[in-house]
Amino acid sequence: MPRISIIPSFELESGDVLNNITVGYERWGTLNDTGDNVIVVGHSLTSSPNAQSWWSGCVGPGKALDTDKYFVVCANVIGSPYGTVSPISVNPSTGKAYGLSLPQATIRDTVRLHKVLLDRLGVQKIAFAIGGSMGGMQVLEWAQYGSDYIRGMVPIAVGARHSSWCIGWSEAQRQAIYADPDWNDGMYDLNAPPTSGLAAARMMAMVSYRSFESFEAKFGRDKNQHGSFQTATWLQHHGDKLVNRFDPSCYVYLTRLMDTHDISHDGFTYQEVLASLDQHALVIGIRSDILYPLQEQEELYSTLPQANLEILEGPHGHDSFLIDQDELNDLVLHWRQQQIDPLIDSSLEHELDCCACT
């Protein structure tokens with residue numbers, strides 16, 4: 001179970017107010033006296049806030065997200081069942097689960113809520129924010145707090161706004177859930193959820209997370225002992241696996257949350273917003289990604305004022321940021337040592353100088 005913080009009241013962009021809501025999170029390392037040795041990790045669609053469980057190659061002593069040097073925090077997004085308020089949370093006004101009556105939040109809402117959590121933890125500044133896919137969306141929102149608050153960002157396998165292509169994938173997955181007879185317009189018994197629909201949605205997603213080359217190399221036209229194609233068996237396994245740990249309403253809610261991703265605001269286009277983000281940035285793309293194609297990361301790189309671009313060259317598609325962790329760790333570690341560590345070290349030296357003066 002994650003750590004839990006309870007927020008008395010929080011207003012969404014829509015104007016809806018949520019009361020006594022929970023925020024699930026995990027943390028590693030120690031916050032320094034100046035509260036600025038902080039790495040914020042954004043998780044992907046169905047991941048938990050336990051980043052060390054799904055990013056073990058990147059989180060830990062001596063790694064890119066060095067828990068000896070940095071205070072690493074990963075908080076659960078609004079709508080996810082891993083500790084933060086979601087459709088399966090109890091509405092304090094009714095004593096029953098919210099279901100789809102939970103007001104729809106945005107990526108920006110989630111980051112604003114996580115900012116409240118960081119304030120509670122004593123965080124004064126963020127060294128950098130990092131995340132892939134939905135986590136990358138959060139990174140771009142964090143950057144809008146300005147370089148006085150957040151020094152760097154590492155958006156991975158994401159664009160500045162959710163494309164119509166991605167929205168199409170999301171809608172197809174939602175329709176699979178809606179088509180399950182047990183869906184009942186979202187008013188299903190939590191003890192008898194529409195698992196078939198959720199499994200089908202996950203199978204669709206898994207196809208989009210990989211690539212032609214990845215499927216061909218892994219499965220080809222091989223069959224199992226029962227005569228079924230290995231591709232089908234693998235997809236069914238992942239559908240069943242998600243059903244055992246996730247809720248269909250949460251899945252619907254979170255895909256809608258991702259569809260809200262658009263960093264434009266207050267009359268500024270997304271390109272203008274990107275051009276105003278002057279933090280050190282490491283943009284990481286995946287050449288074989290069919291869901292968030294490389295052209296989206298190239299746009300981030302070309303528009304952000306202080307960006308480097310690195311590319312994961314493996315064949316595994318969008319999921320490469322979870323699969324090729326050694327390569328990812330090396331890229332982020334090198335960038336962090338060059339761009340972020342000197343800022344943190346100089347802050348520490350200044351702190352020691354001040355202590356000596358007193």
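**A walk through a predicted protein chain**

Let's start with contacts, meaning heavy atoms within 4.5 Å. Among contacts in the protein chain between residues at least 6 apart in sequence, 73% join residues at least 24 apart.

Some ground rules. This is a predicted model, where local features need pLDDT of at least 70, side-chain atom pairs count only at pLDDT 80 or more, and totals for chains, interfaces and linings use all residues. Residues are numbered from 1 along each chain as its sequence is written, and side-chain values use heavy atoms, with hydrogens and water left out.

Now the overall picture. The protein chain has 12 helices and eight strands. Helices (H or I, at least four residues) and strands (E, at least two) are DSSP runs, numbered from the N terminus. The radius of gyration is 21 Å, close to the 21 Å that the globule rule gives for 358 residues, so the protein chain is as compact as a globular protein of that length. That radius is taken over C-alpha atoms, and the globule rule is 2.2 Å times the number of residues to the power 0.38. Along its principal axes, the C-alpha trace spans about 75 × 50 × 40 Å.

How much of the protein chain is buried? Of the 358 residues, 55% count as buried. Buried means under 20% relative accessible area, exposed means over 50%, and partly exposed lies in between (1.4 Å probe, protein chains only).

Next, strand β3, residues 38–42. Five of its five residues are buried, so β3 is largely enclosed by the rest of the structure. Which way do they point? V38, V40 and G42 point one way, and I39 and V41 the other way. In general, side chains in a regular strand alternate between the two faces of the sheet.

What does β3 pair with? Two strands pair if DSSP finds at least two bridges between them. β3 pairs with β4 (residues 71–75) in the parallel sense, over four bridges. There, I39 stands opposite V72. Four bridges also join β3 to β5 (residues 126–132), and these two run parallel. V41 stands opposite I130 in β5.

β4 has another partner. β2 and β4 pair in the antiparallel sense over four bridges. W28 stands opposite V72 in β4.

Now β2 itself, residues 17–28. Eight bridges join β1 (residues 3–11) to β2, and they run antiparallel. I6 stands opposite T22 in β2. β1 and β2 form a hairpin, with five residues between them. In the turn, G15 has a positive phi of about 100 degrees.

On to the helices. Helix α3, residues 134–143, is mostly covered: 10 of its 10 residues are buried. Among them are M134, Q138 and W142.

Compare helix α10, residues 294–303. Its buried residues include L294, E296, Q297, L300 and T303. What covers them? The cover includes α3, β6 (150–156), α9 (270–276), β7 (280–286) and β8 (307–312).

Last stop: D345, in helix α12, residues 325–357. D345 and M134 are 211 residues apart in sequence, and 30 Å apart in space, C-alpha to C-alpha.

That's the tour.
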